[in-house]
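Here are a few friendly notes to read alongside the model. Take the points one at a time, and keep the 3D view open as you go.

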Amino acid sequence: MQSKTNLFGLERSELERIACDCGESAYRGRQIFRALYRLRASQFGEMAVLGRAFRDRLAGRFSIVHAPIRETCPSQDGSARYVLGFADGEAAETVYMPEPDRVTLCISSQAGCAVDCRFCFTALMGLRRNLSAGEILGQVYSVLEDRKIERGTRLNLVFMGMGEPLLNYDAVMHAVRILADRDGLGLSPRRITLSTSGIIPGILRLAREEVRPKLAVSLNASTDEQRSALMPINRKYPLEKLMAACRAYPQRPRERLTFEYVLLDGVNDTVADAQRVAGLVRGLHAKVNVIPYNSGDALPYRTSPFERVLAFEQTLRDAGVPAFIRISRGRDIRAACGQLLVEGARKPITAIMRPAALPSLR
Ligand code: SF4
């Protein structure tokens, strides 16, 4: 039996074409788009606007599949880590973080990641594959449905889960356009943040987009030597060029670039590091999120003592840089920043040992 084509994840123009192929007007495709993304229909029977006969024809050829939830791990702090499974057996993780006045979802753009940041658990998986736009959107819709989050709830989306979003550019932007569409999820692009390890061509391309999420750059070091040791991608896109791309990035009124800086005990967490970071971001309309590392047994890095975290933040502030300590949520369920890793999808241990490449631990 031929498998049905999943309509979830298709853009308006693709749905218009499908409607026309079915002998209907393009307008019907736009109605399907609205039903899928705005009204969150998960079955053709819920698309009353289409008429019974057309709905039945669609149901015979097409399906509506979000990202099926394989596992939910609730945290004591109210957040939850979801493992979402896809048709080919791959999976990705999504983190749900409720707050009194809003909900934040941290979503993945790839299953695994090829960028290989030395402190990141996802890197231990290697890159398994890119996620499709439907699989990216499916994470959002599956969690909204599971948590019964009503339309009108203040929602923030951050591409800070598994993967480097700018290395899956087309699918990520396809998903962003649907999320931001008035007949899609209707989310302001200002409520969507894309975090990158510093893929300069992707930043330059993003700068030209009409619908553009906010940009966050994962910095994590104050010199090229230190950054190349922690994030090998820095050899290709070194700090000077990265900061130049950040300076050229267009910003909307009242918007700031975000730099994320994960503090690793004895590696990148001195006052001198903070001073150099202040020098790097000087002149930019930016803020720095200072993130105490979330450690785990599989990697050699440890969390900096809290006095050092405070001193780092204060040094940045003294230099006139807005800086904020961010304590990750979901630490008890391995959902915190840098901790996402689909169990069983890790590379063999021989493939991840790289002591020569580790920076010295002072
Ligand atoms: S920190 Fe982000 S870019 Fe780096 S390896 Fe992890 S998921 Fe990939």
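1. Let us start with a term: a residue is near a molecule if its C-beta atom, placed from the backbone, lies within 6 Å of it. Please keep in mind that this is a predicted model.

2. Now look at the ligand. Which residues come nearest to the ligand? Of the 13 residues around it, the nearest are C113, V115, C117, C120 and A123. By class, the shell around the ligand holds six nonpolar, five polar and two charged residues.

3. Next, turn to a pair of helices. Helix α1 covers residues 12-21 and helix α2 covers residues 26-37. Their axes come within 7 Å and cross at roughly 130°. An angle over 145 degrees would count as roughly antiparallel and one of 65 to 115 as roughly perpendicular, so α1 and α2 are oblique to each other. Their crossing is right-handed.

4. Who makes this contact? On the α1 side you will find R12, L15, E16, R17, I18, A19 and C20, and on the α2 side A26, R28, G29, R30, I32 and F33. Sorted by class, the contact of α1 with α2 has seven nonpolar, one polar and five charged residues.

5. Finally, find Q314 in helix α11, which spans residues 306-318.

Conventions: Residues numbered from 1 in each chain as written. Predicted model: local features only at pLDDT ≥ 70, side-chain atom pairs only at ≥ 80, totals over all residues. Helix = DSSP H or I, 4+ residues; strand = E, 2+ residues; numbered from the N terminus. Nonpolar A, V, L, I, M, F, W, Y, C, P; charged D, E, K, R; others polar. Axes fitted to C-alpha atoms, helices over the stretch in contact; angles between N-to-C directions. Parallel < 35°, antiparallel > 145°, perpendicular 65-115°, else oblique. Left-handed = near helix turned anticlockwise from the far one by under 90°. Contact = placed C-beta atoms within 7 Å.
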